[in-house]
Amino acid sequence: MNRNGATYTLFFTLAVCAVCSLIVAGAYVALAERQRADAAAFRMLDILRLTGLAEEDEQLERDEIFERFEAIRARAVDMETNRFDPEVDARLFDQREASRDPTQSVEAPPNPAGVRRIPSHAVVYERLNDDGSLDQILIPIHGQGYGGQIFGFLSLEPDLNTVREIVFYEHQETPTLGGRIDRTSWRRNWPGRRVFDESGNVALTLVSRPPPADEAPYQVDAISRASVTTAGVQNMINFWFGPDAFGPFLEAYREELAAGGSRGAAGGL
């Protein structure tokens, strides 16, 4: 073949493009797996901090994060039956991916939180005491904020009502305004507040400068000068702890624990 001809130039160009495409595709696949592992590690680190297994400002390598996370139990909740589903491996289940898959989710009823679909299963995280009793449970929450979707966890005490802690691990809120939702100074207002009133309805409300938790257990500090983000957090609390999401599950779990059940240790409800 004439190397100076147009045919050779065309085939050479195509060959180079094909090789480059293979290299790029291979790099993408390799890096995608690493990115997923890194994202999982960051989420696990937030959970470790929430449960007291890592200090707030402690930085850990990925392997150490995975090692410490052995003390946390991930469990899948069947969102239709409101029961734990032992057949689903919660550590491998991707709840966000399931929410985007019509075969693994259902359309959510209209709601101000901006939640479009509810996954067939949701993953909660439990930390147990040495005797196997429940120390705290982490409930995943998400909803629409000012800059986009906000993702986080609300940690509850063993009564499944009193807030232990809250964390938002992914958001696009304005750093000096709504972005303060990930600051310790704001999050420290949440411990001791209560989600449900005596009738089992969601009563937790974000208000400006509420009294201490023992005086106003259903009020928590709003984010000053960030009304849209505040409304977003309020809406996601109302939705995920309401009747269309985790509300029925938490009610059933609370009754089980109050009756002295050992569901937390043996799979239970």
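Glu-126 has a bridge partner in β6, and that partner is Ile-137. The two strands concerned are β5, residues 121–128, and β6, residues 134–144; they pair in the antiparallel sense over four bridges. Helices (H or I, at least four residues) and strands (E, at least two) are DSSP runs, numbered from the N terminus.

A word on the source. This is a predicted model, in which local features need pLDDT of at least 70 and side-chain atom pairs count only at pLDDT 80 or more, while totals for chains, interfaces and linings use all residues. Residues are numbered from 1 along each chain as its sequence is written, and side-chain values use heavy atoms, with hydrogens and water left out.

Back to the hairpin of β5 and β6. Five residues sit between its strands, and Gly-132 takes a positive phi near 90° there. Pro-140 stands opposite Phe-153 in β7. The hairpin of β6 and β7 has four residues between the strands, and its Gly-148 has a positive phi near 155°.

Now the whole sheet. What is the order of its six strands? The order is β2-β1-β5-β6-β7-β8, in an open sheet with antiparallel pairing. β2 (83–84) and β8 (163–170) are at the edges with a single partner strand each, so one side of each has no neighbour in the sheet. As background, strands of a sheet pair through backbone hydrogen bonds, either parallel or antiparallel.

Two helices lie across this sheet. Helix α5, residues 227–240, lies across β6, β7 (149–156) and β8, at about 125° to β6. Helix α6, residues 247–258, lies across β1 (72–78), β2, β5, β6 and β7, at about 175° to β6. For these angles, axes are lines fitted to C-alpha atoms, for helices over the stretch in contact, and the angles run from 0 to 180 degrees between N-to-C directions. Contact means heavy atoms within 4.5 Å.

β6 is mostly covered, with ten of its eleven residues buried. Buried means under 20% relative accessible area, exposed means over 50%, and partly exposed is in between, using a 1.4 Å probe and protein chains only.

Next, the cores. A nonpolar core is a set of buried Ala, Val, Leu, Ile, Met, Phe, Trp, Tyr and Cys residues joined through side-chain atoms within 4.5 Å. Which residues touch the most other members of the largest one? They are Trp-190 and Phe-241, in a core of 42 residues. Elements giving two or more residues to this core are β5, β6, β7, β8, α5 and α6. Of these, α5 gives the most, with five residues. Not counting residues up to four places away in sequence, Trp-190 touches Leu-154, Val-163, Ile-166, Leu-204, Leu-206, Val-220, Val-233 and Ile-237. There is also a second, separate core of 22 residues, which includes Leu-53, Ala-54, Ile-72 and Ala-90.

Then a single residue, His-121. His-121 lies in strand β5. Is it buried or exposed? His-121 counts as buried because its relative accessibility is 12%. The side chain of His-121 makes a polar contact with the side chain of Asp-85, at 2.9 Å. A polar contact is a pair of N or O atoms within 3.5 Å; within protein, one must be able to donate a hydrogen and the other to accept it, and residues adjacent in sequence count only if both atoms are side-chain atoms. Leaving aside neighbours within four places in sequence, the residues in contact with His-121 include Ala-76, Asp-78, Val-88 and Phe-93.

Asn-82, in the loop between β1 and β2, has a positive phi near 60° although it is not glycine, and Asn-82 counts as buried at 16% relative accessibility. Leu-160, in the loop between β7 and β8, likewise has a positive phi near 60°. Leu-160 is buried, with a relative accessible area of 0%.

Last, the chain totals. The secondary structure comes to seven helices and ten strands. Of the 269 residues, 43% count as buried.

Note on methods
Pairing = 2+ DSSP bridges.
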